[in-house]
Amino acid sequence: MTSRSNQLEGNVLDNAEPSPQASRRKFLATAGGLSLLSAFVIGSSSCKKNDSMGMADTVSLGTGDTGILNYAYALEQLEAAFYTRVIATPYDNMTAAEGSLLADIRDHEIAHREFFKAALGSNAIRALDVNFSTIDFGNRASVLATAKAFEDLGVTAYNGAGQLITNPVYLGLAGKIVSVEARHAALIRDLLSPGSFADSTALDANGLDMARTPAQVFAIAGAYLNTRLDISGLPS
């Protein structure tokens, strides 16, 4: 387990569709049926260059609800990129069952990423440059510890962002997505340690999932991104 993975945390089990591709198509078809895409195109996002220290451009997430949607889109990009790499380069002795479950999660995350991208349209931030140099993709413990970290972080991010969303339609959608992320988190936890799907590191004393602010989330997630993000316009 890497030191970056140890920084992260979250929780719940995902339904495995008969086919990962079918899972992705089903999610996108359902989302499209809600006719939300046109409603998501609000506000504006911008990118601004910052060439100091040879770093990549700084990407602004924007303001208001558009900023929050780009915030979610950035996290989904990170998760989708991670699971895509996991399936492309399976760790040693990955079982068929684990491979199938992780492929399902990959397709869910890709579906989430593509949904936000299509929904935001011209307001969407660009593709982010990820940095997975600290992850040993050939090692089961390293991969699953990082998967747990990302899923836990995603759950706390959505929970923390909910109060910042003003449009109830967007809030409802965020609630649907965070429930899927929580299913992922619980599954990964049980792969690591059976029965740990909702332990005290994921839930508070009231049995509720924990929450993080965008600043807290990117203080952690930023370690896996070469792209610098400007979150100063997000509501608080």
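Author: A residue is termed buried under 20% relative accessible area, exposed over 50%, and partly exposed in between (1.4 Å probe, protein chains only). The model is predicted: local features need pLDDT of at least 70 and side-chain atom pairs pLDDT 80 or more, whereas totals for chains, interfaces and linings use all residues. Residues are numbered from 1 along each chain as its sequence is written, and side-chain values use heavy atoms, without hydrogens and water.

Reader: Is phenylalanine 132 buried or exposed?

Author: Phenylalanine 132 has a relative accessible area of 9%, so this residue is buried. Of the 236 residues of the chain, 47% fall in the buried class.

Reader: Which elements make up the chain?

Author: Helices (H or I, at least four residues) and strands (E, at least two) are DSSP runs, numbered from the N terminus. The chain holds eight helices and three strands, in the order α-α-α-β-β-α-α-α-α-α-β from the N terminus.

Reader: How is the length of helix H6 to be checked against its number of residues?

Author: The expected span of a helix is 1.5 Å times one less than its number of residues. Helix H6 (residues 140–161) has 22 residues and should therefore span 32 Å; its end C-alpha atoms lie 31 Å apart, in agreement.

Reader: How many residues of H6 are buried?

Author: In H6, 18 of the 22 residues are buried, so the helix is largely enclosed by the rest of the structure.

Reader: What caps the N-terminal end of H6?

Author: Asparagine 139 does: one of its side-chain oxygens is 3.0 Å from the backbone nitrogen of alanine 141.

Reader: How is the pair of phenylalanine 132 and phenylalanine 150 classified?

Author: Rings of Phe, Tyr and Trp (its six-membered ring) pair if their centres lie within 6.5 Å; planes under 30 degrees apart count as stacked, over 60 as edge-to-face and the rest as tilted. The whole structure contains nine aromatic pairs. For phenylalanine 132 and phenylalanine 150, the ring centres are 6.4 Å apart and the planes stand at 55°, so this pair is tilted. The pair links distant parts of the chain, 18 residues apart: phenylalanine 132 is in the loop between H5 and H6, and phenylalanine 150 is in helix H6. Phenylalanine 150 is buried at 2% relative accessibility.

Reader: Where is asparagine 93 found, and what is its phi?

Author: Asparagine 93 is in the loop between helix H4 (64–88) and helix H5 (96–120). Its phi is near 60°, a positive value in a residue other than glycine. At 72% relative accessibility, asparagine 93 is exposed.

Technical notes: Polar contact = N/O pair within 3.5 Å; in protein donor to acceptor, adjacent residues only side chain to side chain.
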